[in-house]
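Please keep the sequence and the 3D view at hand while reading.

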Amino acid sequence: MIYLNDHSDLLDIEKALATVSAQRREHALKFAHESGRRLSLAVYLLLMEGLQKEYGITEAPVFDYLEGGKPVIKGHPEIHFNFSHSGKVALCAIDSRPVGADVETARKITPSLIAYTMNEQEQAMISSAPDQIKAFLSFWTKKEAVLKLTGEGIRSDLKTVLDNSEEFLFETKTTENYIYTIARYR
């Protein structure tokens, strides 16, 4: 399931801090700015909501981290999840199989970023698209969702991330303000 909050700017930080695990509270308080704290808390609260709805789990989850830094829920290896946030949007995907998620808000994209992150075919598709920003963000969210699914995280060669895209199932949603992609193995 996909859980989304596109108004995380309205989140009451103090109330949220009282609800989350000590581990998440410590993580959220490391952010210097309120916006970072809100997003960190918002994605976690979405996870809590999903765990309660889908699994009947009411306690705040505590994480272990895999070698690449991907979080897993202690005591629940059967539950897979992934977070993402951008701007005011917080996203959490929960599944019984490994899952990767990325959300990006619409913003200016530089030609140098496109050249650095996209292969020639992707660059051609972006340059011919009626909305080049959304076209870029569609590719970008797919790439990041795959890297989070596999546990690799961001790597130096982003141009080849989708070379084996037939191995994955993608669910992409585009709105006026943001794009998200959920990636799963076929």
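This is a predicted model: local features need pLDDT of at least 70, side-chain atom pairs count only at pLDDT 80 or more; totals for chains, interfaces and linings use all residues.

1. Fold. The secondary structure comes to six helices and eight strands. Following the sequence, the order is β-α-α-α-β-β-β-β-β-α-α-α-β-β. The elements that come up again below include helix 3, which covers residues 34-55, strand 4, which covers residues 80-86, and strand 5, at 89-95.

2. Overall dimensions. The C-alpha trace spans about 50 × 35 × 25 Å along its principal axes.

3. Of the 186 residues, 46% count as buried. The protein exposes about 9,900 Å², and 52% of that area is supplied by carbon and sulfur atoms. Among contacts with a separation of 6 or more, 55% are between residues 24 or more positions apart.

4. The largest nonpolar core. This core has 25 residues, and those that touch the most other members are Leu41, Leu47, Phe63, Ile73, Phe81, Phe83 and Ile94. At least two residues each come from helix 1 (13-19), helix 3, strand 4 and strand 5. Helix 3 gives the largest share, nine residues. Ile73 shows how one member is surrounded: leaving aside neighbours within four places in sequence, Ile73 is in contact with Leu47, Leu51, Pro61, Val62, Phe63, Ile79 and Phe81.

5. Aromatic pairs. How many aromatic pairs does the structure hold? There are eight. One of them joins Tyr44 and Phe63, edge-to-face, with 5.9 Å from centre to centre and 65° between the planes. This pair links distant parts of the chain, since Tyr44 is in helix 3 and Phe63 in strand 2 (residues 63-65), 19 residues apart. Both Tyr44 and Phe63 are buried.

6. A stacked pair. Phe63 also pairs with Phe81, with ring centres 5.3 Å apart. Why is this pair called stacked? The planes meet at 25°, and planes under 30 degrees apart count as stacked, so the pair qualifies. Here too distant parts of the chain are linked: Phe63 belongs to strand 2 and Phe81 to strand 4, 18 residues apart. Phe81 is buried, as is Phe63. Ring pairs join Tyr44, Phe63, Tyr65, Phe81 and Phe83 into a cluster.

7. A charge over a ring. Lys142 has its charged end over the ring of Phe170, 5.8 Å from the ring centre.

8. Two residues of helix 3. Arg38 lies in helix 3. Its C-alpha is 6.3 Å from that of Ser8, although Arg38 and Ser8 are 30 residues apart in sequence. Not counting residues up to four places away, Arg38 touches Ser8, Asp9, Leu11 and Ile13. Ser40 is also in helix 3. Is Ser40 buried or exposed? Its relative accessibility is 1%, and buried means under 20%, so Ser40 counts as buried. With residues up to four places away again left out, Ser40 touches Arg24, His27, Ala28 and Phe31.

9. Two residues of one loop. Thr160 is in the loop between helix 6 (132-150) and strand 7 (168-174). Thr160 has a relative accessible area of 30% and is therefore partly exposed. Thr160 and Met118 are 42 residues apart in sequence, with their C-alpha atoms 8.1 Å apart in space. Gly153 is in the loop between helix 6 and strand 7 as well. Gly153 is partly exposed, with a relative accessible area of 23%. Between Gly153 and Ala115 there are 20 Å from C-alpha to C-alpha, and these two residues are 38 apart in sequence.

Note on methods:
Residues are numbered from 1 along each chain as its sequence is written. Side-chain values use heavy atoms; hydrogens and water are left out. Rings of Phe, Tyr and Trp (its six-membered ring) pair if their centres lie within 6.5 Å; planes under 30 degrees apart count as stacked, over 60 as edge-to-face and the rest as tilted. Helices (H or I, at least four residues) and strands (E, at least two) are DSSP runs, numbered from the N terminus. Buried means under 20% relative accessible area, exposed over 50%, partly exposed in between (1.4 Å probe, protein chains only). A charge sits over a ring if NZ of Lys or CZ of Arg is within 6 Å of the ring centre and within 35 degrees of the ring normal. A nonpolar core is a set of buried Ala, Val, Leu, Ile, Met, Phe, Trp, Tyr and Cys residues joined through side-chain atoms within 4.5 Å. Contact means heavy atoms within 4.5 Å. Accessible areas come from the Shrake-Rupley method with a 1.4 Å probe; for residues, only the protein chains shown count as cover.
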